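Q: Please take a close look at one part of this structure, a single residue and its surroundings. What does that residue touch, and how do the helices pack?

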Amino acid sequence: MLDNDFLKRVFKVAWPSVLESVFIALAGIIDTYMVSSLGTYAISAGGLTNQPKFLGLSIFFSINIAVSALVARRKGEEDRRKANEVLVTAFSVAMILCVIISTVMVTFSDQILTLAGSKSDTHDYAIEYFKIIMGFSIFNVISMVINASQRGSGNTKIAFTTNLVSSIVNICFNYILINGKLGFPAMGVKGAAIATILGTFVASIMSIRSLFKTGSYVRIPFILKYKIKPAFDSFVSIMKLGLNMFVENLAMRIGFLSTALMAASLGTDQFAAHNVGMNVLSIGFAFADGMQVAVVALSGEALGAKKYDDAVTYGKTCQKVGFIISIVLSAILLFFGKYIFGAFFKDKAVIDYGVMIGRFITVIVICQISQIIYGGCLRAAGDVKYTLISSIVSVSIIRTLVTYVLVNVFKLGLAGIWLGVFSDQFSRLIFMSIRFRQGKWVEKKI
């Protein structure tokens, strides 16, 4: 049974972060849908940039989870100065890293996308899109770091608002720039990239403004009043958590990239269907990520206040809510999968690929949501070495090997790709749930 008090607190913190993640995922799907009017080559070109892009941003994802966990822990300890110090330190580190990584990604975009599996019909479009996205990624990073600190303090509404507005801006400019509306020239894939950057620019401005609001736990006026500067001990704490999660994220991205490469080798049409499938799966990830944000903030704060039983209860409550969400999503995909993929493609053969993928996702999403929430509890506690090893085994080893054997030895094509995805999500669910139930994670210090 779910405790009503815990359930109310979970919903209060979770609903903005869940909606935020869902709107971001929906914006990505709408982005793909709008680009699909140009042909399967455009979907494939955008899809080719996903894993290199996320690979470049993986260090920032890792820093953000560390920031959320540390701010939540410091809030539980009632140390507001340290919580703000974490933000200042993380922001400084992120800006330096962003300049370096953006420069490398843009400079070597040709080689990077060749390694990512681009073909002659997609390469130039993919480079054009990738250079714009990575060249202006600083706006995305600014918003990510600030929103991570806000989420850690339990203020998930600000991150929701900024990303909702960003998604709306992105969609509006997709409409204007992709096919040329309201007097603007038709820019195709380039227009989609510019629309994304405009959305992240608006989000960054809104995120910065949130740091001036009176009710914010992390505030620029507070930072200025107490002359808070980047601190070495906060840097060490961020790196201690962040580097483990970065290696975990890197291992995952390499596993995802190997899957994408094998999918790309099947041809443009099958790769386009695969990319739409990944977009659909991202909806499940969005719900899971939103619940993970809630469990990091709530369990992290409870651990900081040394309320270990509460931390476990928050984890169980979030997981049960996530399981109900996954069942609903599975049912929707089971009954409406054909119509969802039919919205992206006209070719019956490609739609049939999508329907098959949709059936895999109905099972995968159940594993996915639960394992991400369990993993969020472990990361909130600082049990990042375990999540690192689990991810390396599941994504880099199990997923890659299963996919390679099924695609290249048994010649199962897209079915082999998605059986590989299932093997990854299922094994991670087993690893994360066992660790959570053992309960040792609550004893970690960060």
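A: Leaving aside neighbours within four places in sequence, W441 is in contact (heavy atoms within 4.5 Å) with L303, A311, V312, C377, L378, A381, D383, R435 and F436. The model is predicted, with local features needing pLDDT of at least 70 and side-chain atom pairs counting only at pLDDT 80 or more, while totals for chains, interfaces and linings use all residues. Residues are numbered from 1 along each chain as its sequence is written, and side-chain values use heavy atoms, without hydrogens and water.

W441 also belongs to the largest nonpolar core, where, of 117 residues, F60 and W441 touch the most other members. Such a core is a set of buried Ala, Val, Leu, Ile, Met, Phe, Trp, Tyr and Cys residues joined through side-chain atoms within 4.5 Å; buried means under 20% relative accessible area, with a 1.4 Å probe and protein chains only. Helix α11 (residues 268-304) gives the largest share of this core, 18 residues. Helices here are DSSP runs of H or I, at least four residues long, numbered from the N terminus.

Now the helix pair. Helix α14 (residues 384-409) packs against helix α15 (residues 414-438) at an angle of about 155°, their axes 8 Å apart. The two are therefore roughly antiparallel, a term for angles over 145 degrees. Axes are lines fitted to C-alpha atoms over the stretch in contact, and angles run from 0 to 180 degrees between N-to-C directions. By class, the contact of α14 with α15 has twelve nonpolar, nine polar and four charged residues. Asp, Glu, Lys and Arg count as charged, Ala, Val, Leu, Ile, Met, Phe, Trp, Tyr, Cys and Pro as nonpolar, and the others, Gly among them, as polar.

Terms used:
Angles under 35 degrees count as roughly parallel, over 145 as roughly antiparallel, 65 to 115 as roughly perpendicular and the rest as oblique. Buried means under 20% relative accessible area, exposed over 50%, partly exposed in between (1.4 Å probe, protein chains only).
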